[in-house]
Amino acid sequence: MSLAAAGVVYGDIGTSPLYALRACFGPALGVAPTPANVIGVTSLVIWALLLVVTLKYVGLVLRADNRGEGGILALLALALRAVGPGRPMSGLLMALGLTGAGLFFGDGMITPAMSVLSAVEGLEVESPAFSSFVLPLTLVILVGLFMLQSRGSERVGRLFGPVMVVWFLVIGLLGAVQIAEQPGIVIAFDPRHGLTFLWRHGWAAFAVLGAVVLVVTGAEALYADIGHFGRTAIRLVWGLVVLPALLLNYLGQAALLLDNPGAAENPFFLLVPEWALLPMVLLAMAATVIASQAVISGVFSLSRQAMQLGYSPRLAIRHTSDEEEGQVYVPRANWWLLTGVIVLVVGFGNSNALASAYGVAVTGTMVVTSVLVMVVARLSWGWPLALCLGVGGGILAVDLVFFSANLLKVGSGGWFPLVVGAGMLLLMGTWRKGRAILARRLAEGALSLDQFIAQQKDSKTVIRVGGTAVYMTGVANNVPLALLHNLKHNKALHRRIIFLTVLIEDIPRVHGRDRIEVVALADGFYRLVLRYGFVQEPDVPRALRLCKALGLDFDLMDTSFFLGHETLVSGDQHEMPEWRERLFVVMSRSAVSATEFFRIPAGRVVELGAQIRL
């Protein structure tokens, strides 16, 4: 598990040495690589790793798992459960959580572009003649990576761990060799050098913090991958492999700058002996592809969680592994990501320019995570208020400093993740609110099951025909419109009628023993409720087969599924602005059909339409 975690969890943060220190001394920041500046910046880098990653994420955030699952939406569900429904604070937390999720989507675009581009730029160190090939080769690698997503990452994943272990050993060794020539660089462990740098350089040092945060990019993956690897493996590989390798490499790059300030142009690749430069570029390309794959897979998982928790329309999801539940492919998310990545690579042109866009997404998500974790610590773990304010306030202060420093880069590229985050927040918020309005419209004048069944007992005009009819309904106690339309036009009902409701709980998984609830109502009517967790996917035919143990046997060849097909139009009440209503209608039309989503045999489905005004 630790070997696998080294590849999947730490791919992003493990490739940060390619560009982080280089960005700190980039020409746009105007900080010269003098010995004092090099030691001060390196001290900030070291303590960012120790405070943000080791203390916050490895030490604290990993404790806040949602029944074994992590990620910003899983944390949001945990915090909302702790606060309780209907509280004023829940609306603010939901807005924060969705903002963090939106920024993560922006990070999913930036990470592949930044990582692969910075690795391919190593060719320029080999020879300036390769400069014209950097962008085309980067695009070829990225397009190939996204085109392979439909085949799944299971096979490639077996190589992730060994390749990244080799990567960490090599970068650690390169750093150690250079430290041996300049052992005085270890004084950077003294935090006073970082504080002195901040004090002396003022505003310029504040801007440098926006580049220093690049060393902790990928820290969210520590939390998001709890469900796959567990806390122990993630913590073990961080303490024994990743953190030592990163510290050695950053110190080695700093030692090189003490000897040769001109190496600030690309300190990572200039650490490498000339004879090993080309193999190192190839190894860096492999490592950055792994880092990109990890983030892309994270976006797929987040897309599925957003859909299951009610923040997104139904999306087509394909499983790419028969053994691992988390191995999924979301075609729509994949092609949107690829489009964004291509725009970023072509628009920014090099990794130094792209670094401006990178930090905003990362630090914004970090701020949201800190707030949500403190809510969980206070309300779920029972931490005293003083402890929450002390620990949470300190962590949040560091995050806000980094976030504020990155806001300085909004004009030079930092606007991109903010636009993506705002767009995703708008879409998820519109879908959530639109579904609530739609549920109220459907409930207006709805007939309760008890009333309907009582009416059918006395009815002499309705014919009962053989077979089983399954009517899907979002509200377990109301008669679905599809049944009323069928009865109105056909004047007949099946002898056995099942009112089926599929519920997605705010927990990762619902065990099989708790999934199915069957209630016999009367006269051949049954209520069937299926419960799934937000990382599980509903499979109605399979669940119906399991009902036999509960006394409800199904012959799918003698069962018809009746689904409502609502055509949404803007109404007169306008609980949302009219343009948001239209956006919700467009999102509804783009959703995958219930037949495909619930895996119902298409030949057994009858759809009955209705027009609903919002």
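This note goes through the predicted model point by point, from the whole chain down to single residues.

1. Overall build. The protein, which is a predicted model, has a secondary structure that comes to 25 helices and eight strands. Its C-alpha atoms fill a box of roughly 95 × 50 × 45 Å when this is taken along the principal axes. A compact globule of 614 residues would have a radius of gyration near 25 Å, and the value of 27 Å for the protein agrees with this.

2. Of the 614 residues in the protein, 54% are buried.

3. Surface and charge. The accessible surface of the protein comes to about 25500 Å², and carbon and sulfur atoms account for 61% of this area. The side chains include 45 positive and 40 negative ones, and the centres of these two sets lie 9 Å apart.

4. Two residues with positive phi. Asp 523, which is found in the loop between β5 (516-522) and β6 (525-532), has a phi near 55°, a positive value in a residue other than glycine. Because its relative accessibility is 45%, Asp 523 counts as partly exposed. Arg 599 lies in the loop between α25 (594-597) and β8 (605-613), and its phi, near 60°, is likewise a positive value in a residue other than glycine. With a relative accessible area of 38%, Arg 599 is partly exposed.

5. Trp 415 is partly exposed, since its relative accessible area is 41%, whereas Phe 416, at 11% relative accessibility, counts as buried.

6. A pair across the chain. Trp 431 and Phe 584 form an aromatic pair that is tilted, with 5.1 Å from centre to centre and 45° between the planes. This pair links distant parts of the chain, for Trp 431 belongs to helix α19 (residues 410-443) and Phe 584 to helix α24 (residues 578-590), and the two are 153 residues apart. Trp 431 counts as buried because its relative accessibility is 7%, which is under 20%. Phe 584, at 0% relative accessibility, also counts as buried.

7. A ring cluster. Trp 167, Phe 268 and Phe 269 are linked into a cluster by ring pairs.

Methods:
Residues numbered from 1 in each chain as written. Predicted model: local features only at pLDDT ≥ 70, side-chain atom pairs only at ≥ 80, totals over all residues. Heavy atoms only, no water. Helix = DSSP H or I, 4+ residues; strand = E, 2+ residues; numbered from the N terminus. Rg over C-alpha atoms; globule rule 2.2 N^0.38 Å. Buried < 20%, exposed > 50% of the residue type's maximum accessible area, 1.4 Å probe, protein only. Areas by Shrake-Rupley, 256 points an atom, 1.4 Å probe, with all protein chains shown as cover. Lys, Arg positive; Asp, Glu negative; His and termini not counted. Charge placed at Lys NZ, Arg CZ, Asp CG, Glu CD. Phe/Tyr/Trp six-rings, centres within 6.5 Å; stacked < 30°, edge-to-face > 60°.
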